[in-house]
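Hi,

Here is the structure I promised to pass on. Have a look at it first, and then read my notes below.

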Amino acid sequence: MTSISLKLKKLKTFYYNPIIVFTMGKVGSRAIVEAIERNGIFPMDLHWLNSTYHTIKDANLFYKNKYRRKIYEIIHNCFLYILMFFQKKKIKVITVFRDPIEVRHSFLFQDLHLFLFDYFGTNKDIVRANSDENFLFKIMNTYLKEYYFKNYLENEVCKIFKLDKNNLDFNKKNGIGYFKSKKYEILFLTQEKMDSNIISIEKFLGIDLEIKRINDSREKWYYPIKNKFQERTKYEELYLRNFYKNNNVNIFYSDEEIEGFIKKWKKYTMGL
């Protein structure tokens, strides 16, 4: 089944089983979607409804064929939004969040070919001077939004589902939270603790799930480069503290967990 035909099938069945897996991307949500599909239910699998992209400029517009796909996606999502408005059944939504630095790094390598195509095309005169050991870091900062985590939370989740980010009922210890309104039931998860919340996902959806890990980055062509990049890419501690604070990460993660992220990514200086 092609991508477009599957989307049309999901739109058709949305009336009977209004389930949306709505995530920021790079959080392992495909495993949830495919587990639900094995039960004969076809949930909507979305990363945006309000045009919030992880890129500073939408890299999919670089190629004409991807431009056509993007136009289709916009029409599809607008039509879905209309269906959501007229849907009489309560819509169940699963959304997953993840350490935003991990998300940025994952997006960098997922779309690296697009970024490089554009970067080399627009920086021919200076590209040699910029091809040092920090080259990929420069690519990331050129194309990826620094505060995508916050933008996604505010412009997608909060606006679309009409909720206040400061009043979420989220259990940081267990990495799970709930929101209910007249129209929606939303299950919030963090990717880092998703495996321990499988039973809660099953209870939320009312079905049994066999979640199999797919789309593993270790199987991607870019894994050795990404692995090396993550080993060598470290940040100043002050930057990290501002980064996590400005991204509103504390809504989903405890102070201890945030300190763990900072410890993982910060630069260390050797004593004399």
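What follows is a short tour of what turned up.

One thing before anything else: this is a predicted model.

Let's begin with the core. The largest nonpolar core has 76 residues. Met 84, Phe 161, Phe 188, Ile 201, Tyr 244 and Phe 252 are the ones with the most contacts inside that core. Helix α7, residues 148-161, is the element that gives the most to this core, at 8 residues.

Asn 247 sits in the loop between α10 (237-246) and α11 (255-265). Its relative accessible area is 0%, so Asn 247 counts as buried.

Thr 55 is buried because its relative accessible area is 3%, under the 20% cut-off. Beyond residues up to four places away in sequence, Thr 55 touches Phe 115, Tyr 143, Leu 144 and Lys 145. Thr 142 is worth a glance here too: Thr 55 and Thr 142 are 87 residues apart in sequence, yet their C-alpha atoms are 9.0 Å apart in space.

Now the helices around α4. Helix α4 (residues 100-110) packs with helix α5 (residues 112-122) at an angle of about 70°, and their axes are 5 Å apart. That angle makes α4 roughly perpendicular to α5. On the α4 side the contact involves Phe 107, Leu 108, Phe 109 and Gln 110, which meet Leu 112, His 113 and Phe 115 in α5. Phe 115 is also one of the residues that Thr 55 touches.

α4 packs with helix α6 (residues 135-143) as well, at about 100° and with the axes 10 Å apart. So α4 is roughly perpendicular to α6. Here α4 contributes Arg 104, His 105, Leu 108 and Phe 109, while α6 brings Leu 136, Ile 139, Met 140 and Asn 141.

Most residues other than glycine have a negative phi. Lys 26, which is not a glycine, has a positive phi near 60°. Lys 26 lies in the loop between β1 (19-22) and α2 (29-37), and at a relative accessible area of 18% it is buried. Ser 51 is another non-glycine with a positive phi, of about 60°. Ser 51 is in the loop between β2 and α3, and counts as partly exposed at 43% relative accessibility.

Last, the cysteines. How many disulfides does the structure hold? The count is 0. Cys 78 is partly exposed, with a relative accessible area of 46%, whereas Cys 158 counts as buried at 10% relative accessibility.

Cheers

Methods: Residues are numbered from 1 along each chain as its sequence is written. This is a predicted model: local features need pLDDT of at least 70, side-chain atom pairs count only at pLDDT 80 or more; totals for chains, interfaces and linings use all residues. Side-chain values use heavy atoms; hydrogens and water are left out. Buried means under 20% relative accessible area, exposed over 50%, partly exposed in between (1.4 Å probe, protein chains only). Contact means heavy atoms within 4.5 Å. Helices (H or I, at least four residues) and strands (E, at least two) are DSSP runs, numbered from the N terminus. A nonpolar core is a set of buried Ala, Val, Leu, Ile, Met, Phe, Trp, Tyr and Cys residues joined through side-chain atoms within 4.5 Å. A disulfide is a pair of cysteine sulfur atoms within 2.5 Å. Axes are lines fitted to C-alpha atoms, for helices over the stretch in contact, and angles run from 0 to 180 degrees between N-to-C directions. Angles under 35 degrees count as roughly parallel, over 145 as roughly antiparallel, 65 to 115 as roughly perpendicular and the rest as oblique.
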